[in-house]
Amino acid sequence: MEKELIYISQIIVSILLIVFILLQQRGSALGSAFGQEGGFYATRRGIQKKILYLTVALVIIFIS
């Protein structure tokens, strides 16, 4: 039972990690993931910064 719970949690973390990595597109804002174009690199603010922190946290959880 315990191993099944670990496997399921790893699958959930890996899926979330893939989603958050795909939401981060270097060189453009979050809007480009939804079809908008961004031709310059902007600093991470608001939701982009939170997505970055969540991605780092998920990587740490996935590795441990």
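Q: Buried means under 20% relative accessible area, and exposed means over 50%, with partly exposed in between. By this scale, is Thr 55 buried or exposed?

A: The model discussed here is predicted. A residue is placed on the scale by comparing its relative accessible area with the two cut-offs. Thr 55 has a relative accessible area of 9%, so it counts as buried. This residue lies in helix H2, which runs over residues 47–63.

Q: Which residues does Thr 55 touch, not counting residues up to four places away in sequence?

A: A contact is read from heavy atoms within 4.5 Å. Once residues up to four places away in sequence are set aside, Thr 55 touches Leu 17, Phe 20, Ile 21 and Gln 24.

Q: What lies 2.7 Å from a polar atom of the side chain of Thr 55?

A: A polar contact is a pair of N or O atoms within 3.5 Å. For Thr 55, the atom concerned is the backbone oxygen of Ile 51, 2.7 Å from a polar atom of the threonine side chain.

Q: What span should the 17 residues of H2 have at 1.5 Å a residue?

A: The expected span is 1.5 Å times one less than the number of residues. For H2 this gives 24 Å, and its end C-alpha atoms are 24 Å apart, which agrees. H1, with 22 residues, reaches 32 Å from its first C-alpha to its last, close to the expected 32 Å.

Q: Where do the buried residues of H2 fall when the helix is seen down its axis?

A: In H2 they are Gln 48, Ile 51, Thr 55 and Leu 58. Seen down the axis, they fall within an arc of 80°, so they line one face of the helix. Lys 50, Tyr 53 and Ile 60 are exposed on the other side of H2.

Q: Which residues make up the largest nonpolar core?

A: Such a core is a set of buried nonpolar residues joined through side-chain atoms within 4.5 Å. The largest core here has five residues: Val 13, Leu 17, Phe 20, Ile 51 and Leu 58. H1 and H2 each supply at least two of its residues, and H1 gives the most, with three. Val 13, a member of this core, is in contact with Leu 58, Ile 61 and Phe 62, leaving aside its neighbours within four places in sequence.

Q: How far apart are the C-alpha atoms of Val 59 and Val 13?

A: Val 59 and Val 13 are 46 residues apart along the chain, and their C-alpha atoms are separated by 8.5 Å. Ser 14 and Phe 62 are 48 residues apart in sequence and 7.1 Å apart from C-alpha to C-alpha. Val 59 belongs to helix H2 and has a relative accessible area of 33%, so it is partly exposed. Ser 14 belongs to helix H1, and its relative accessible area of 22% makes it partly exposed as well.

Q: What percentage of the 64 residues in the protein chain is buried?

A: Totals place the individual residues in the context of the whole chain. Buried residues make up 17% of the 64 residues. The accessible surface comes to about 5400 Å², and 69% of it belongs to carbon and sulfur atoms. Among contacts between residues at least 6 apart in sequence, 55% join residues at least 24 apart.

Conventions
Residues are numbered from 1 along each chain as its sequence is written. This is a predicted model: local features need pLDDT of at least 70, side-chain atom pairs count only at pLDDT 80 or more; totals for chains, interfaces and linings use all residues. Side-chain values use heavy atoms; hydrogens and water are left out. Helices (H or I, at least four residues) and strands (E, at least two) are DSSP runs, numbered from the N terminus. Buried means under 20% relative accessible area, exposed over 50%, partly exposed in between (1.4 Å probe, protein chains only). A polar contact is a pair of N or O atoms within 3.5 Å; within protein, one must be able to donate a hydrogen and the other to accept it, and residues adjacent in sequence count only if both atoms are side-chain atoms. Accessible areas come from the Shrake-Rupley method with a 1.4 Å probe; for residues, only the protein chains shown count as cover. The arc is that of the directions from the helix axis to the C-beta atoms.
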